[in-house]
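Please find below a short note on the model under review.

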Amino acid sequence: MTISRLRTPRQGFMPPFVLERIIERGGARLQACARQTLNADHGFRAGRAPAPVADEALPAGSPTPGEPARYVYSAEQRQVLPGTLMREEGQGATNDPAVDEAYRWLGATYRFYWEVFERHSIDRQGMPLLGTVHYGQDYENAFWNGTQMVFGDGDGELFNRFTAALDVVAHELAHGVTERDAGLIYAGQSGALNESLSDVFGSLTKQYHLGHSAAEADWLIGAELLTERVQGRALRSMAAPGTAYDDPVLGQDPQPGHMTDYVETESDNGGVHINSGIPNRAFHLTATTLGGYAWKAPGRIWYDTLQDRRLTRDIDFVGFATLTVDNADQRFGSRSREVEAVREAWHGVGVLS
Ligand SMILES: [Zn+2]
């Protein structure tokens, strides 16, 4: 666990460019919220973060495959981890919505990985699922620190509390899974793939929870985070990258959905939250072409690829796309409609010719 923590300093849900826009365009209070969120995140990167829980101090995991071990804490508006234990596995609701949402969504995410992939928590060995809510004041982010989930309450004007969205929880836990299985470097194209895998499995967790088919799913990421004041539907759209929001304060969703619009940038670790739109759309195209439940064949192919030993830490889009085609071939056969759908999807976003 210590190693993964070192390799994954910090992957917040909120892209830094969104917070930077709020500092440029927001009112005084919103500017202050965004600035202190970025400061907290930079402090985290600079090693001034609150010390993570020592491994030996972690609560017990779950010895029983199929059953999670959840622990939800409150930081009581301070920047401390893990904080005060509010609810643990098997205990009833606390009537604090943030605590109860975190508990519920950690459970839904556990259930998705167990029932769909027979994976017993992030490490396959029942690792406890820890969440801390009410982190900081007006903190506009949620993150996974290698050991646990952390949620801010949002600013209440643009963003609701970060426990509101199941796909935010599932996105962050998926970073833990990707870290363990593939260790994709969080920069450039491998970083955009890392982000995309979290959106794919985050969205699949939500689709599984709701029982939605590929046609019924909204394919949005973070829809519940946005208040009614924001002109937008979510932070990202996997079906139509670049269309999630267009708002006076937040600006326009910068995601491309095709390689011709690939964004070369130094910021955001080389555009990891921007260019992830391209592989996100490839997954959406695969799922909607095949129809039915997206966690079945499409989810299985992407999950198989994540376990593939040929998946290098610095893989690019072409390398990843080629591996998904190969994994579809191995599982479903070279003449299968699954292979055809995956190949056509990557062709459709300009990654494979
Ligand atoms: Zn992420």
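**Note on the predicted model**

1. H171 and H175 are about one helical turn apart, because 4 residues separate them in helix α5 (residues 166-181); helices are DSSP runs of H or I with at least four residues, and strands are runs of E with at least two, numbered from the N terminus. This is a predicted model, in which local features need pLDDT of at least 70, side-chain atom pairs count only at pLDDT 80 or more, and totals for chains, interfaces and linings use all residues. Residues are numbered from 1 along each chain as its sequence is written, and side-chain values use heavy atoms, with hydrogens and water left out.

2. The zinc ion has as protein donors H171 (NE2), H175 (NE2) and E195 (OE), lying 2.1 Å from it. Donors are N, O and S atoms within 2.8 Å of the metal (3.2 Å for Na, K and Ca); water is not among the atoms, so sites may look incomplete. Along the chain the donors are spaced H-x3-H-x19-E.

3. Both H171 and H175 are buried, that is, under 20% relative accessible area, with exposed over 50% and partly exposed in between (1.4 Å probe, protein chains only).

4. R119 lies in the loop between α4 and β4 (129-133). R119 counts as buried because its relative accessibility is 1%. Its side chain makes a polar contact with the side chain of Y303 (2.9 Å); such a contact is a pair of N or O atoms within 3.5 Å, and within protein one must be able to donate a hydrogen and the other to accept it, while residues adjacent in sequence count only if both atoms are side-chain atoms.
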